[in-house]
Amino acid sequence: MEPKAYHRIFGIVLDSVGTGAAPDANLFNDQGADTLGHVGEAYQGELKIPNLQRMGISNLREHEILGVPKVNRPLGYYGTMQEVSAGKDSMDGHWEMMGLPVTKPLDTFPHGFPDDLIKKIESFSGRKVIGNRPESGTKIIAELGEQQIETGDLIVYTSGDSVLQIAAHEEVISVKELYRICEYVRSLVNGPTYTIGRVIARPYVGPDKAHFVRTANRHDFTLAPIGQTDLDYLNEAGIQTIGIGKINDIFSGHGISIGYHNESNMDGMDHVDEVMKKEFTGFCFTNLVDFDAMYGHRRNPIGFGKALMDFDKRLGTVLKSLRENDLLMITADHGNDPGFRGTDHTRERVPLLAYSPSMKMNGNLGNRQTFADFGATVLDNFNLKNHAIGTSFLEELVRTGEVK
Ligand SMILES: O=P(O)(O)O[C@H]1O[C@H](CO)[C@@H](O)[C@H]1O
Ligand SMILES: [Mn+2]
Ligand SMILES: [Mn+2]
């Protein structure tokens, strides 16, 4: 069946690029968080993101981002989305975008993991577990990395999210062995006793604590989606579903026809450029994680802004390459305000920007009540029934009327 409007939809998730505290931010102690707003303030007017600006990145906000004035005629449609899922992690955000909100909170471990779980990890790996508390990943390797090099112990840690992370020096514990341990741990935490969103392998290299750096061999072993997602419906209908970056991990490969691993945001955008040259009918779903992993959790607003400016340059190329019947949608999965206390994600609304060269008009899509509106729009475009929550805004995108 012919799609209703667009042959190819490119969805890009700027991981953690939130746009202000969500209405339920108080439940997460995140009142006042505003990732984009605080990055703009850190740049004192020098944040230059002209392509996001043209798409309406400041128009979708009550207060514009410092240095990024609202524009009179945005290229296409802009708005915000808020999350209904119980958590504020990547998995919650992406699953909800694809019509599967996480309504029951997954387990978190503010005081570290229980003994029985740790003992099983130790006996499977033959290694002692150290750390075992919520901590920033770069801090914990600085603190325990040298000990790991000496003893071969496993550094296990968590955060405010439902994650069990294992950091391992690549020359002490090979990436292969680390993945094997993570797979085993994954099998222990799929419920019912413990239900953890992600087990994450965090390999790093470097001679000593002043020089440890984490590598692109990070791998997320995610809980398999507890139900069908929009990706499954698309895939079953023979619509191509392409995952770029950690999309494949987040959905455990479910409903994805082709997956690309990213080394970095720029590598991710290389993949987007590559896919844009291909002939296909379908949905290309990209995640760019550097904003989150390298700058948000590290509370580094200057690095965050630089990453936004680098992305914006690549966005310029994408905007030029879009075909008449392509749709580009840009959004985020949660906030991670680098100007906020702590090192965790922040409960925020996320931007929603949509553009196609075929658009006749522009306008405001409002504040969408769930991230699921994103996937509902993709399903609607490909003439597929929406089985879950979410309201399509496709009709608004294809509106015609007086010339803008
Ligand atoms: O501090 P690092 O290791 O980057 O960990 C972060 O990465 C996890 C996954 O995004 C988050 O839950 C947060 O804890
Ligand atoms: Mn994320
Ligand atoms: Mn994160």
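1. The structure is a predicted model, in which local features need pLDDT of at least 70, side-chain atom pairs count only at pLDDT 80 or more, and totals for chains, interfaces and linings use all residues. Residues are numbered from 1 along each chain as its sequence is written, and chains are lettered from A and ligands numbered from 1 in the order in which they are written.

2. The protein chain comprises domain 1 (8-102 + 225-397) and domain 2 (115-222), with bounds from an automatic or database domain assignment. Their centres, taken over C-alpha atoms, are 29 Å apart. Domain 1 contributes 14 residues to the contact and domain 2 contributes 12 residues; contact requires C-beta atoms, placed from the backbone, within 7 Å.

3. Ligand 1 lies between the two domains, because both give residues to its shell. Of the 13 residues around ligand 1, those that come nearest are S136, G137, S159, D161 and H297; a residue is near if its C-beta atom, placed from the backbone, lies within 6 Å. Two or more residues each come from β5 (163-169), β6 (198-205) and α10 (290-296).

4. Helix α9 (residues 265-276) and helix α11 (residues 301-321) have axes that come within 10 Å and cross at roughly 5°, the axes being lines fitted to C-alpha atoms over the stretch in contact and angles running from 0 to 180 degrees between N-to-C directions. The two helices are therefore roughly parallel, a term for angles under 35 degrees. Helices are DSSP runs (H or I, at least four residues) and strands likewise (E, at least two), numbered from the N terminus.

Technical notes. Parallel < 35°, antiparallel > 145°, perpendicular 65-115°, else oblique. Contact = placed C-beta atoms within 7 Å.
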